[in-house]
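Please look through the sequence and the structure below before reading on.

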Amino acid sequence: MLKIENLVTEYGAVKALDGVSFTAVQGKITTVIGANGAGKSTLLRTISGLERAKSGTISWADNSLIGKAPESIVRTGIAHVPEGHAVISQLTVAENIEMGALFRRRKHRTDVKQAIEEVYELFPRLAERNKQLAGSLSGGERQMLAISRALVSRPQLLLLDEPSLGLAPLVVEQIIQTVNDLCRKSGLTVLLVEQNANTALAVADYGVLLSLGKVVANLPAAELKADASLRAAYLGY
Amino acid sequence: MDQLLSAIFAGTSRGAIYALVALGIVLVWRGAGVINFAQMGQAMFSTYVASNLIMHGTSYWVAFVVALIVGTVLGAAVDLLVMRPLSGKRSSAMMASPAMRGTIPVIASLGILGLLQSAAGMIWAAEERGFPTPVNSLGLSINGNVMPFTAFDIFVIGVVLFTLFVTTIFFQKTGMGLAMRASALNPEVARLSGIRTSSVRTLSWAISGAASSLAGLLVTPSANLSPNTLDLVLIIGFTATVIGGLDSLPGGVIGGFILGLVISFINVYDSPSDVFLAILAFLLLVLLVRPQGLLGSKEVRRV
């Protein structure tokens with residue numbers, strides 16, 4: 001379980017996160033929704049150690065993550081797929097995937113091999129293109145690659161930042177369904193940040209609504225989806 | 001015909017050395033975003049260590065290996081003792097602007113160069129001394145015919161090609177090589193993948209130090225050894241890197257070989273006094289046609 005309490009992250013004088021508290025339940029999908037600039041990405045970046053928290057606590061499986069570097073946090077079983085299909089375009093597809101498992105290649109050689117085979121089964125298109133440079137892939141394939149890179153680290157918690165960004169609806173559907181299956185089958189905990197609230201709430205168990213760095217609603221996804229007044233006030237539709 | 005061959009051989013062997021220098025420059029530039037002006041100062045220092053060992057009766061090969069180790073350690077030390085503490089001071093007022101963050105490490109490297117040169121002057125006196133070669137550096141003769149190249153030329157070219165081969169295998173085929181490429185290309189994604197980018201950066205400095213000290217050992221026999229001898233090598237090596245593309249390892253290496261040949265042809269067919277003019281004209285030409293260098297990527301560095 002990921003437990004966040006009173007988390008504050010600042011960019012200079014701007015409070016991007018202003019006392020955020022919520023928990024992400026084991027084996028469930030929690031989605032964080034909100035308008036542009038609500039602090040969604042900052043939240044994920046603070047959890048994975050890319051940004052430093054000003055105050056507050058983040059505890060994961062009863063260990064504090066505050067002050068830890070990203071390369072240490074990924075070793076505790078948290079994988080972050082940042083915004084914008086973050087792959088390294090100048091490396092091949094196979095290298096991008098291998099990169100995600102480099103840190104455990106010595107101790108878990110056979111498991112790493114198996115994890116890589118699994119992501120190729122999950123996304124056969126990546127297997128077909130594994131010698132190509134990541135830069136030559138389509139947007140959807142790049143997102144699949146970014147997720148694969150995260151999965152080969154065998155995370156228990158997956159932080160997904162706007163996987164739908166710039167993708168065709170059909171591709172978004174496929175990617176969200178894959179994440180949903182992973183969560184239901186293998187007990188992966190997912191924290192899904194989305195601007196596309198409908199897509200996210202359709203698969204999520206819980207929804208956290210952020211506005212200007214504060215949590216304004218924390219409800220089961222179905223309830224959040226049904227609440228027309230919240231949607232109108234914070235999501236604008 | 002002999003003149004042409006000897007220009008090609010001399011140029012290739014000299015170019016091989018510039019290729020090594022370029023390799024060192026590109027490694028640190030890509031790995032740490034710093035142009036390291038102390039690079040050939042470090043090489044000068046490790047070459048002095050070798051020279052002293054040889055003067056005290058140690059064999060060339062032992063001294064050769066010791067110098068490479070000293071060069072590697074010096075490279076790592078520059079990062080651990082100077083560059084890493086500097087980048088840790090990000091929050092201080094002086095390092096607040098990105099321009100200063102880019103400039104200060106370069107100024108620091110100039111400081112290290114000065115420090116190494118004065119230290120070498122104090123320890124080993126500033127007068128020039130010769131440096132031996134492991135094989136004959138006079139014209140090689142086979143069946144009584146004097147060849148247009150020397151055994152040392154062949155040695156230099158062989159050692160450098162071997163080094164480039166090993167480096168390529170390391171970068172393309174090993175996990176650590178992949179970690180280094182990933183860290184240089186996108187530190188954020190690399191860190192999220194669990195790569196310890198600060199250790200990787202130190203490794204870039206260390207390998208760069210090793211390549212530079214090798215260049216020092218190979219170039220000194222033809223230049224004599226003094227605290228300042230390798231300054232010129234750095235300048236030419238840096239020019240080669242810019243010609244080839246500052247962010248491309250193969251580019252830097254190719255730039256080194258091309259520049260070596262250009263210099264050699266000017267030496268043989270024109271006059272040594274025109275060498276610098278030719279280098280600058282060539283640099284200008286390349287920059288006009290391809291500002292990013294022959295193999296450099298087009299992406300402008302974001303400030």
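## Strands that pair in chain A

Two strands are said to pair if DSSP finds at least two bridges between them. With that in mind, and remembering that this is a predicted model, one can follow strand 4 of chain A, which covers residues 55-60 and pairs with strand 1 (residues 2-11) of chain A in the antiparallel sense over 5 bridges. Strand 4 of chain A is also joined by 2 bridges to strand 5 (residues 63-64) of chain A, and these two run antiparallel.

One residue shows both pairings: A:Ser59 of strand 4 is the bridge partner of A:Lys3, and A:Ser59 also stands opposite A:Ser64 in strand 5 of chain A. In a regular strand, the side chains alternate between the two faces of the sheet.

## The turn between strands 4 and 5

Strand 4 and strand 5 of chain A form a hairpin, with 2 residues between them. Within this turn, A:Ala61 has a positive phi of about 50°.

## A pocket lined by chain B

How much space lies in the second largest pocket? The space there comes to about 620 Å³, and 34 residues line this pocket, the closest to its centre being B:Ala10, B:Arg14, B:Tyr18, B:Ser222 and B:Asn267. Several elements of chain B give two or more residues to the lining, among them helix 1 (2-32), strand 2 (145-150) and helix 10 (249-269).

Helix 1 of chain B provides the largest share of the lining of the second largest pocket, namely 8 residues. Sorted by kind, the lining residues of this pocket divide into 20 nonpolar, 11 polar and 3 charged.

Conventions. Residues are numbered from 1 along each chain as its sequence is written. Chains are lettered from A and ligands numbered from 1 in the order in which they are written. This is a predicted model: local features need pLDDT of at least 70, side-chain atom pairs count only at pLDDT 80 or more; totals for chains, interfaces and linings use all residues. Side-chain values use heavy atoms; hydrogens and water are left out. Helices (H or I, at least four residues) and strands (E, at least two) are DSSP runs, numbered from the N terminus. On a 1 Å grid over the protein atoms alone, a cavity is a set of points where a 1.4 Å probe fits but cannot get out, and a pocket is an open set with protein on both sides within 12 Å along at least five of seven lines; lining residues have an atom within 4 Å of a point. Grid points are joined across faces, edges and corners, and a volume is the space filled by probe spheres set on the points. Ala, Val, Leu, Ile, Met, Phe, Trp, Tyr, Cys and Pro count as nonpolar, Asp, Glu, Lys and Arg as charged, and the others, Gly among them, as polar.
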